[in-house]
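Thanks for coming. Please have the sequence and the structure open.

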Amino acid sequence: MSAQRIPSSLLRAVAPATTLHANRPFFAPSFAPSFQPALRSLATATFLAGDRRKHGGSGTAIVLLNMGGPSTIPEVHNFLSRLFADNDLIPLGPLQKYLGPLIARRRTPKIEHQYTVIGGGSPIRRWSEYQAAETCKLLDKLHPSTAPHKPYVAFRYADPLTEEMFESLLKDGIKRAVAFTQYPQYSCSTTGSSLNELWRLARKMDPNNTIEWSVIDRWPTHSGFVNVIAKHIEDTLNTYPAEKRDDVILLFSAHSLPMSVVNRGDPYPAEVAATVHAVMSRLGFRNSYRLVWQSQVGPSPWLGAQTSATVEGYVKKGKTDMVLIPIAFTSDHIETLHELDLEIIKESKQPGIKRAESLNGDPLFIEALADIAKMHLESGEKCSRQLALRCPMCVNLRCQEQKKFFAGQKKSE
């Protein structure tokens, strides 16, 4: 991959203060925290009566895993540098340690400009910290035997980094932690990369395994997740005239993958399709729909059809009422606020093309997250059966050892 051909979706810019559509504020609803740059603050849930003895009263850490994004302009270069250093996400071959910094350095001015134009920072940290804190508050009530539940966020490429999170766990005396991916559908390039980093740091920073880990590695068809997406779609459909509503096309948009990754056996496309089918079942299949894929860049084959090309194709056919649904993201960030809202919807100049709200801080979504965590804690399982199964053409030894580590830990009683 050359310096001129890098995934644009990984370089999008998002911002905390503008309005893209007359019918939808950009973000920051009343319940959300301020989006001004601030030091990280970890809320600690109130303790409810439970089993203090097993983990010395330290409770359970709930660690939300995600890619992250630069919250301010000065963070852009470091974000890009880490991103292009990760060969799980962007394999650049044996010259990665040279090409990665070169690409990051060349791209930084352009991406800084994008952030400046649309406000100056990604909201993903604030949303993630809010989601983690609110989920833990609910968990204390739903599953008091593992309380207090303490919220942490671990980003792969931006602050707070996984290493910073691990330092906090050790400092706080945590003995039990749940790594909770915020990618609902599993891919080796997203959740897999985050778990590889977590495994590496566990070996380095906790060689005696004082922290007992378990993993929520996917949740593509959880009923609460499905229901809140369906509700956001229904809310958007209700903005159309009643006589047009059933003819609106639903476009479920997820980040694409290179076909080289798909052909390796990555489960992501099947799991995204499972989410789409579950949502459409919930909606009664009242509207026509397609699963489309965004963010392809470069000449190599990617999973399609592409979101932008699909919108253009339907407009040419005279179909101008469409709802774009971010089906693989839990928070507004690069791909929703810039690619979907600005590059596709705004540039289409079609008032009938809209986007369903992202999940962000919706209380129903927080309830879904808490229920997913509760079910996991009740099961006592360390991870799903799927996590332990490598892709059939996988040759990544880090992946192999990471899976052994998380799947091989003792089952909680």
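Predicted model: local features only at pLDDT ≥ 70, side-chain atom pairs only at ≥ 80, totals over all residues.

Does N209 count as buried, partly exposed or exposed? The relative accessibility of N209 is 45%, so this residue counts as partly exposed. In the chain, N209 belongs to the loop between α5 (191-205) and β6 (212-216).

S295 is not a glycine either, and has a positive phi of about 85°. S295 is in the loop between β8 and α10.

The peptide bond between G304 and A305 is cis, with omega about 10°. Another cis peptide bond joins A147 to P148, and there omega is about -5°. P148 is in the loop between α3 and β4 (149-155).

Now to α3 itself. Helix α3 covers residues 124-142, which is 19 residues. From first C-alpha to last, α3 reaches 26 Å, close to the 27 Å expected at 1.5 Å a residue. How many of the residues of α3 are buried? The count is 14 of 19, and α3 is mostly covered.

Next, the aromatic rings. The whole structure was searched, and ten aromatic pairs were found. One of them is F252 with Y289: the ring centres are 6.3 Å apart and the planes are at 85°, so this pair is edge-to-face. The cut-off behind that word is a plane angle over 60 degrees. F252 is in strand β7 (residues 249-255) and Y289 is in strand β8 (residues 289-294), so the pair ties together parts that are 37 residues apart in sequence. Are the two partners buried or exposed? F252 has 0% relative accessibility and therefore counts as buried. Y289, at 27%, counts as partly exposed.

Elsewhere, F180, W219, F225 and F365 make up one aromatic cluster. An aromatic ring also takes part in a contact with a charge: the charged end of K354 sits over the ring of Y240, 4.2 Å from the ring centre.

Two further contacts connect parts that are separated in sequence. V76 is in helix α1 (residues 76-85) and, at 0% relative accessibility, counts as buried. V76 and A104 are 28 residues apart in sequence, and their C-alpha atoms are 9.2 Å apart in space. K244 is in helix α7 (residues 242-245) and counts as partly exposed, at 40% relative accessibility. For K244 and D321 the separation is 77 residues in sequence and 8.3 Å in space, again C-alpha to C-alpha.

Last, the empty space. Rolling a probe the size of a water molecule over the atoms shows where empty space is left. How many cavities of 30 Å³ or more does a search of the whole structure find? The search finds two.

The largest cavity holds about 40 Å³ of space. Its lining consists of I229, H232, I325, P326, E357, S358 and L359. Both α6 (223-237) and β9 (322-326) supply at least two residues of that lining. By class, the lining of the largest cavity has four nonpolar residues, two polar and one charged.

The second largest cavity has a volume of about 30 Å³. Which residues line the second largest cavity? They are M67, R156, Y157, Y183, S189, T190, S193 and S194. Here the lining divides into three nonpolar residues, four polar and one charged.

To recap, keep these in view on your screens: the cis bonds at A147 and P148 and at G304 and A305, the edge-to-face pair of F252 and Y289, and the two cavities. I will stop there and take comments.

Terms used:
Residues numbered from 1 in each chain as written. Heavy atoms only, no water. Phe/Tyr/Trp six-rings, centres within 6.5 Å; stacked < 30°, edge-to-face > 60°. Helix = DSSP H or I, 4+ residues; strand = E, 2+ residues; numbered from the N terminus. Buried < 20%, exposed > 50% of the residue type's maximum accessible area, 1.4 Å probe, protein only. Lys NZ or Arg CZ within 6 Å of the ring centre and 35° of its normal. 1 Å grid on protein atoms, 1.4 Å probe; cavity = no way out; pocket = protein on both sides within 12 Å on 5 of 7 lines; lining within 4 Å. Points joined across faces, edges and corners; volume = space filled by probe spheres on them. Nonpolar A, V, L, I, M, F, W, Y, C, P; charged D, E, K, R; others polar. Expected span 1.5 Å × (residues − 1).
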